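I opened a new structure today and kept notes as I went.

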Amino acid sequence: MPSQERYLQKIYGRRQAKGLRPERSRLYETLLPDIAVPDSANSPLDLHALFPQDSIREIWLEIGFGGGEHLAWQAERRPQVGFIGAEPFLDGVGRLLKLVHETQLTNVRILHGDARPLLEALPTGSLGRIFLLHPDPWPKKRHHKRRMASRWFFREAARTMNPGGVLRIASDIPDYIRWTLMNARSALELEWLAESALDWQRRPDDWPQTRYERKALLEGRQPTYLQFRRRGELLANATPQRDL
Ligand SMILES: C[S@@+](CC[C@H](N)C(=O)[O-])C[C@H]1O[C@@H](n2cnc3c(N)ncnc32)[C@H](O)[C@@H]1O
């Protein structure tokens with residue numbers, strides 16, 4: 001796994017606020033340092049330090065939050081949940097910072113970078129939910145190794161979620177959904193929650209539309225919504241949710 005800095009430089013350019021609109025650029029310099037997830041390469045992330053508030057009962061993670069509208073919507077409605085968002089795209093980080101500032105959200109932490117090392121650094125059983133909404137499809141076969149919903153991802157999702165935790169994935173690319181469901185089968189701890197076609201055709205009420213989904217629908221592509229639940233008893237080395 002490349003370091004955050006190398007990954008960002010290679011795929012998304014340098015990690016700096018240049019190019020952002022003035023207000024977002026100011027928030028990148030002033031607000032982000034206060035709510036940034038520390039670069040946790042090689043060490044388990046200290047969730048107590050990240051969310052010192054007693055009011056926080058659970059931690060939810062959004063991978064590739066894009067413009068941050070889904071994350072901000074959830075965070076505003078669930079002040080008792082600590083939200084971690086990971087996004088390498090600078091413009092997306094700037095947009096979420098603006099939403100956090102405007103709505104005065106105190107339960108959001110941001111990683112401007114690759115979600116994969118972050119997932120590996122999260123303690124076992126520490127997450128209540130994971131969102132992976134419209135991950136980059138990487139349609140060419142030779143690029144499939146860059147896709148997020150890999151077997152490795154499902155292993156890590158099963159490890160980091162506490163029993164009863166829910167993983168939500170959406171995509172408007174049928175091939176990505178097929179590939180995702182195939183990989184999901186390798187994680188026996190995860191149970192796909194669909195009972196009828198409506199369950200994957202209809203977005204639940206507590207799942208707001210993202211910018212990418214709106215674009216897909218305007219272009220005539222129908223999204224599929226997947227939900228997986230973490231089975232099982234609390235793991236021996238899990239992080240209790242009320243005592244992070
Ligand atoms: C198609 S966009 C969808 C954005 C948003 N979830 C939405 O639905 O509007 C995919 C997003 O995943 C982000 N992404 C790509 N690789 C990532 C990684 N390794 N870690 C975190 N986010 C990543 C991209 O920067 C991009 O914002």
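My notes on this chain follow, from the overall build to single residues.

**Entry 1: ground rules.** I am reading a predicted model, where local features need pLDDT of at least 70, side-chain atom pairs count only at pLDDT 80 or more, and totals for chains, interfaces and linings use all residues. Residues are numbered from 1 along each chain as its sequence is written.

**Entry 2: the whole chain.** I counted 11 helices and 7 strands in the protein chain. Helices (H or I, at least four residues) and strands (E, at least two) are DSSP runs, numbered from the N terminus. Next I looked up burial. A residue is buried if 20 or more other C-beta atoms lie within 10 Å of its own, exposed if 12 or fewer, and partly exposed in between, with C-beta atoms placed from the backbone. The protein chain has 244 residues, and 37% of them are buried. Then I checked contacts, meaning pairs whose C-beta atoms, placed from the backbone, lie within 7 Å. I took the contacts between residues at least 6 apart in sequence, and 81% of these join residues at least 24 apart.

**Entry 3: the sheet.** In what order do the strands of the open sheet run? I read β3-β2-β1-β4-β5-β7-β6, 7 strands with mixed pairing. β3 and β6 (190–192) are the edge strands; each has a single partner strand, so one side of each has no neighbour in the sheet. Direction ignored, neighbouring strands of this sheet are turned by 20° against each other on average. The axes behind that angle are lines fitted to C-alpha atoms, and angles run from 0 to 180 degrees between N-to-C directions.

**Entry 4: strand pairs.** Two strands pair if DSSP finds at least two bridges between them. I started with β1 (residues 58–63) and β2 (residues 81–86), which run parallel and are joined by 6 bridges. I59 has G82 of β2 as its bridge partner. L61 is bridged to I84, also in β2. I noted that β1 is mostly covered, with 5 of its 6 residues buried.

I then moved to β5 (residues 161–171) and β7 (residues 224–230), an antiparallel pair with 6 bridges. Here V166 stands opposite R229 of β7. β6 also pairs with β7 in the antiparallel sense, over 3 bridges. In that pair, E191 has R229 as its bridge partner in β7.

**Entry 5: helix α6.** Does the length of this helix agree or disagree with 1.5 Å a residue? α6 covers residues 90–103, 14 residues, and should span 20 Å; its end C-alpha atoms are 20 Å apart, which agrees. The expected span is 1.5 Å times one less than the number of residues. Buried residues in α6 are L90, G92, V93, G94, R95, L96, L97 and V100.

I picked out L97, which lies in this helix. L97 counts as buried because it has 26 C-beta neighbours inside 10 Å. Leaving aside neighbours within four places in sequence, L97 is in contact with R24, L27, Y28, L31 and L32. I also checked R109, 12 residues from L97 along the chain: their C-alpha atoms are separated by 9.8 Å.

**Entry 6: two positive phi values.** Most residues other than glycine have a negative phi. Q104 is not a glycine, yet its phi is positive, about 55°. Q104 follows α6 and sits in the loop between α6 and β3 (108–111). Is Q104 buried or exposed? Q104 is exposed, because 7 other C-beta atoms lie within 10 Å.

I logged W138 as well, a residue other than glycine with a positive phi near 40°. W138 is in the loop between β4 (127–133) and α8 (151–160). W138 counts as partly exposed, with 16 C-beta neighbours inside 10 Å.

**Entry 7: around the ligand.** Which residues come nearest to the ligand? Of the 20 residues around the ligand, they are G64, G66, A115, T210 and Y212. A residue is near if its C-beta atom, placed from the backbone, lies within 6 Å. α7 (115–121) and α11 (211–218) each supply at least two residues of this shell. α11 gives the most, 3 residues.

I sorted the shell by type: 9 nonpolar, 5 polar and 6 charged. Ala, Val, Leu, Ile, Met, Phe, Trp, Tyr, Cys and Pro count as nonpolar, Asp, Glu, Lys and Arg as charged, and the others, Gly among them, as polar.

Methods:
Contact = placed C-beta atoms within 7 Å.
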